[in-house]
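Please read these notes beside the sequence and the model. They take up one topic per point.

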Amino acid sequence: MAGSQFSATCSRTGAFSHCDSRSKFIDFGLRSTNSRLLFVRTLNRRPLRRSFSVKSVSSDPTQKLQYPITDEEASTALGSLAPDAASVASSIKYHAEFNPLFSPEKFDPPKAFFATAQSVRDSLIINWNATYDYYEKLNVKQAYYLSMEFLQGRALLNAVGNLELTGAYAEALNKLGYKLEQIASQEPDAALGNGGLGRLASCFLDSLATLNYPAWGYGLRYRYGLFKQRITKDGQEEVAEDWLELGNPWEIVRNDVSYPVKFFGKLVSGSDGKGHWIGGEDIVAVAYDVPIPGYKTKTTINLRLWSTKAPSGDFDLSAFNAGEHTKAYEALGNAEKICYILYPGDESIEGKTLRLKQQYTLCSASLQDIIARFERRSGTSVKWEEFPEKVAVQMNDTHPTLCIPELMRILIDVKGLSWKEAWNITQRTVAYTNHTVLPEALEKWSLDLMQKLLPRHVEIIEMIDEELIHTIVAEYGTKDSDLLEKKLKELRILENVELPAAFADLIVKPKESPVVVSSEEVDKVEEVEDVEAVDKVEEVDK
């Protein structure tokens with residue numbers, strides 16, 4: 001087993017929806033596969049009276065639906081018309097005065113940026129809440145985009161532009177002694193992404209909001225990002241990002257939204273005959289929400305980022321008071337470091353373990369959150385067979401592929417579904433965006449590390465691998481053993497692992513036909529061997 005690996009590309013198989021980097025975005029229809037959601041807003045002639053409705057536009061006229069919100073609800077949810085420069089200036093001054101992050105004596109550029117950003121965030125929150133109140137009322141199918149990185153860039157100019165408030169904010173800041181561009185330059189780049197993978201993820205969120213699709217993004221809240229580059233006389237120097245040193249005016253911590261995440265431990269058989277994952281290391285993932293506004297629309301979707309911590313009870317007070325400070329803080333440090341760095345070095349076993357912890361934390365916390373929302377929207381009658389009709393999980397490249405065994409684990413171990421039910425739901429829920437076909441860019445994990453860190457998931461992966469073998473055999477048959485062996489090697493999830501017992505005799509190499517040798521030929525061979533043996537003896541004697 002030492003050389004065995006689990007390939008994160010399990011979602012490349014026929015069992016899951018596959019799409020290229022254009023990422024076909026799953027069917028967002030209600031029940032019709034040809035339908036999608038189109039949001040329509042109508043502004044009446046009377047001020048402050050708006051209607052906000054969603055329609056299912058389909059080729060089938062009978063599928064056309066409309067769920068209007070009353071004028072009173074719309075006015076409450078969506079607020080007033082666009083603010084003017086005077087009201088914007090008042091809002092900025094209010095946030096400057098009551099912002100607890102800065103002292104009241106001065107109104108310098110960093111403080112002006114925070115006050116401006118929080119003023120913009122007020123408008124976003126109104127639209128944000130209205131958007132999701134609406135989704136809750138309709139219980140629409142929702143997409144969830146999981147990515148290890150989001151390269152957002154600076155948010156201020158993007159937000160005021162999308163809200164069509166650039167002129168109002170420029171004029172307001174001018175009255176307060178600043179230019180909009182000067183204040184926008186104070187914003188650090190959010191250190192949540194690095195390259196094309198993260199930029200694509202952020203572009204998807206922007207597009208989803210602009211096109212009024214019901215969607216959320218999920219990622220990790222990296223405290224120190226990837227690295228900050230400094231150029232010195234000695235060359236390039238890499239240091240930790242400091243983007244959170246003064247706080248982030250766009251994010252809102254949700255202390256009431258947190259989920260447990262487990263590592264290590266062991267599997268034991270319970271009295272119910274089922275396996276149970278117990279012991280090990282437990283951490284808590286806490287949600288931080290960032291609004292993502294669409295362009296020239298009030299639809300504002302959510303990017304939920306997870307930050308990790310340990311329960312306060314894991315702080316060893318007795319060890320701390322005994323002077324063993326490092327030991328006392330060990331559990332807290334192990335939990336917090338999961339969200340320290342984007343792509344930590346993985347040359348050491350510690351680095352590999354940390355990366356795998358990051359990926360599993362993203363998958364586990366996000367799926368627990370998604371399932372909790374599905375259950376809440378379902379009310380008292382939860383029908384798990386309807387889960388794929390309400391939820392679409394899109395994995396951005398290989399990093400979130402642990403979503404597959406994790407969703408299976410939750411459905412089977414926590415929700416009590418059978419393997420067949422859980423597997424059917426998972427296949428219909430999870431889809432995958434592939435960015436490359438180069439083998440060196442596709443992740444593989446040591447089976448030993450997987451068994452140590454996530455023992456229950458390895459058990460599930462082995463069962464998925466067996467399901468996949470059944471599919472491969474059904475597709476290619478057993479007549480051409482060479483072809484079958486090739487396909488199994490290419491498509492199996494587990495590499496360098498023997499076939500399951502049920503398939504042990506699947507690939508049988510043909511036995512070589514015995515060669516008939518005459519007695520004279522045998523005598524000749526024996527004579528040659530005798531001569532060679534004598535020669536060797538003579539060489540030794542010499």
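Which residues line the largest cavity?

1. The lining of the largest cavity consists of Asn139, Val140, Tyr144, Ile370, Arg373, Phe374, Arg377, Lys390 and Val391. A cavity here is a set of points, on a 1 Å grid over the protein atoms alone, where a 1.4 Å probe fits but cannot get out, and lining residues have an atom within 4 Å of a point. Rolling a probe the size of a water molecule over the atoms shows where empty space is left.

2. Basis of these notes. The model is predicted, so local features need pLDDT of at least 70 and side-chain atom pairs count only at pLDDT 80 or more, while totals for chains, interfaces and linings use all residues. Residues are numbered from 1 along each chain as its sequence is written, and side-chain values use heavy atoms, with hydrogens and water left out.

3. More on the cavity. The structure holds 1 cavity of 30 Å³ or more, and the space in the largest cavity comes to about 40 Å³. Volume is the space filled by probe spheres set on the grid points, which are joined across faces, edges and corners. Helix H10 (residues 349-378) gives the largest share of this lining, 4 residues. By residue class the lining has 5 nonpolar, 1 polar and 3 charged members. In this scheme Ala, Val, Leu, Ile, Met, Phe, Trp, Tyr, Cys and Pro count as nonpolar, Asp, Glu, Lys and Arg as charged, and the others, Gly among them, as polar.

4. The chain overall. It contains 17 helices and 17 strands; these are DSSP runs numbered from the N terminus, with helices (H or I) of at least four residues and strands (E) of at least two. Of the 542 residues in the chain, 45% are buried. Buried means under 20% relative accessible area, exposed means over 50%, and partly exposed lies in between (1.4 Å probe, protein chains only). Among contacts between residues at least 6 apart in sequence, 72% join residues at least 24 apart; contact means heavy atoms within 4.5 Å.

5. Helix H12 (residues 403-414). This helix has 12 residues and reaches 15 Å from its first C-alpha to its last, close to the 16 Å expected at 1.5 Å a residue. The expected span is 1.5 Å times one less than the number of residues. H12 is mostly covered, with 10 of its 12 residues buried; among them are Pro405, Met408 and Arg409. Just after H12, Gly416 takes a positive phi of about 80 degrees.

6. Ile460 is placed in helix H15 (residues 455-476). It counts as buried because its relative accessible area is 0%. Neighbours within four places in sequence aside, Ile460 is in contact with Pro405, Met408, Arg409 and Trp419. Ile460 and Trp419 are 41 residues apart along the chain, and 9.7 Å separates their C-alpha atoms.

7. Cysteines. The structure holds 0 disulfides, a disulfide being a pair of cysteine sulfur atoms within 2.5 Å. Cys403 is in no disulfide, and the nearest cysteine sulfur, that of Cys363, is 3.6 Å away. Cys403 is buried at a relative accessible area of 0%, and Cys339 is buried at 3%.

8. Two residues of helix H3 (residues 109-138). Thr131 is found in this helix and counts as buried at 2% relative accessibility. Not counting residues up to four places away in sequence, Thr131 touches Lys298, Thr299 and Thr300. Gln118 also has its place in H3 and is buried at 13% relative accessibility. With the same exclusion, Gln118 touches His95, Asn99 and Pro249.

9. Backbone angles to check by eye. Most residues other than glycine have a negative phi, and most peptide bonds are trans. Lys296 has a positive phi of about 55 degrees although it is not a glycine; Lys296 is found in the loop between strand S12 (281-293) and strand S13 (300-309). Tyr343, not a glycine either, has a positive phi of about 55 degrees, and Tyr343 is in the loop between helix H9 (325-336) and H10.

10. A buried loop residue. Ile493 is in the loop between helix H16 (481-491) and strand S17 (494-495). Its relative accessible area is 3%, so Ile493 is buried. Ile493 and Glu462 are 31 residues apart in sequence and 8.3 Å apart in space, C-alpha to C-alpha.

Note on methods. On a 1 Å grid over the protein atoms alone, a cavity is a set of points where a 1.4 Å probe fits but cannot get out, and a pocket is an open set with protein on both sides within 12 Å along at least five of seven lines; lining residues have an atom within 4 Å of a point.
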